[in-house]
Amino acid sequence: MYEIVGVVTEVGSKVTKFKVGDKVGVGCMVGACLSCESCSDDLKNYCSKMILTYNMAYHDETTTCGGYSDIMVASERFVVQITDNLPLDGAAPLLCAGITVYSPLKYFGFTKPGRHLGIVGLGGLGHVAVKFAKAFGLQVTLICTSPSKKKEAIEILGADSFLLSPDPEQMQAARGTLDGIIDTVSAIHSIPPLLDLLKPNGKLILLGVPNEPHELPAPPLIMGKKTVDGSGIGGMKETQEMLDFAAKHNVTADIEVVPVGNSDTFKKK
């Protein structure tokens, strides 16, 4: 588990950013080389020696256990502050899903109110993407294969419109209407219909990792000057920025809290 939140119980003598009693979080990484170009640019997530929060060898050769432990010790470089008005349970998934969608929204310029963004998929990443996009003032279209997701997308999450991707008439009517698309789906799916939805200079940003390569035709990219990009988590500075933005705009993940003793039952759901 790599979305860990809690309260500081002890700090080392050289710690300056946190004190006992602070609400804090640790996301997907707990270490890096701290000397490469990526580390110097506050992009430790791209360091070739990045250490994940779970199941990796730490600097002292112990194995990181992530949230599967009673306590956690971490370098303050990889800890973020959680403000008092942001609930710990709703904030925890933001340390992975939240930063994974927030980072490309910022990097690719989808923070200007009025821009039209499509979001493919309404799972863990997708529902948080809708919330952040609306907080930035974007016009949001949820693109999905299941009509049962329409009510949640529009009435609960606040998406402006819903596009059923298996419906050729709906897809045809929406051609050339989107400035960008955030694709959160990890299963293999057709990319060309998504490219058709983009305006000229539009961007398709892939966040999901399918088991097989996508088919990517060249003509739609060339004729429309469209691009296909990818993005993962952000750096620590950006992760803190994301949490502060979430606190300001009341963005949290939709969650179900279960007792630790019931974890096996929860996994079967």
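At 44% relative accessibility, Asp 254 counts as partly exposed. Its salt-bridge partner is Lys 131, with N and O 2.7 Å apart. This is a predicted model.

**Salt bridges**
- The count comes to 6 salt bridges.
- Lys 131 sits in helix α4, while Asp 254 is in the loop between α9 and α10 (263-267). The two are 123 residues apart, so the pair links distant parts of the chain.
- Lys 131 counts as buried, at 18% relative accessibility.
- Asp 160 pairs with Lys 134 in a salt bridge, and their closest N and O atoms are 2.9 Å apart.
- Asp 160 belongs to the loop between α5 (150-156) and β10 (161-164), and Lys 134 to helix α4, so this bridge ties together parts 26 residues apart in sequence.
- Asp 160 is partly exposed at 40% relative accessible area. Lys 134 is also partly exposed, at 28%.
- Lys 106 and Glu 241 form a salt bridge, with 2.4 Å between the closest N and O atoms.
- Lys 106 is in helix α3 and Glu 241 in helix α9, so the bridge ties together parts 135 residues apart in sequence.
- Lys 106 is partly exposed, with a relative accessible area of 32%. Glu 241 is partly exposed at 33%.

**Helix α3**
- Of the 11 residues in α3, 9 are buried. Among them are Ile 99, Tyr 102 and Leu 105.
- The buried residues of α3 pack against β8 (116-120), α4 (124-135), β11, β12 (198-206) and α9.
- Gly 109 follows α3 and has a positive phi, near 80 degrees.

**Pocket and cavity**
- The second largest pocket holds about 320 Å³ of space.
- It is lined by 18 residues; Leu 43, Tyr 46, Ser 103, Tyr 107 and Glu 238 are the closest to its centre.
- α3 (97-107) and α9 (236-249) each supply at least two lining residues of this pocket. α3 gives the most, with 4 residues.
- The structure holds 1 cavity of 30 Å³ or more. The largest cavity has a volume of about 70 Å³.
- Residues lining the largest cavity include Cys 28, Met 29, Ile 99 and Met 236.

- Asp 183 lies in strand β11 (residues 178-183).
- Asp 183 is buried but has no salt bridge. The nearest side chain of opposite charge is Lys 149, 14 Å away.
- The side chain of Asp 183 makes a 2.6 Å polar contact with the side chain of His 189.
- Asp 183 also touches other residues, including Val 120, Ile 191, Leu 194 and Leu 204.

Notes:
Residues are numbered from 1 along each chain as its sequence is written. Side-chain values use heavy atoms; hydrogens and water are left out. Buried means under 20% relative accessible area, exposed over 50%, partly exposed in between (1.4 Å probe, protein chains only). Lys and Arg count as positive and Asp and Glu as negative; His and the chain ends are not counted. A salt bridge is a side-chain nitrogen of Lys or Arg within 4 Å of a carboxyl oxygen of Asp or Glu. A polar contact is a pair of N or O atoms within 3.5 Å; within protein, one must be able to donate a hydrogen and the other to accept it, and residues adjacent in sequence count only if both atoms are side-chain atoms. Contact means heavy atoms within 4.5 Å. On a 1 Å grid over the protein atoms alone, a cavity is a set of points where a 1.4 Å probe fits but cannot get out, and a pocket is an open set with protein on both sides within 12 Å along at least five of seven lines; lining residues have an atom within 4 Å of a point. Grid points are joined across faces, edges and corners, and a volume is the space filled by probe spheres set on the points. Lists of a residue's contacts leave out its neighbours within four places in sequence.
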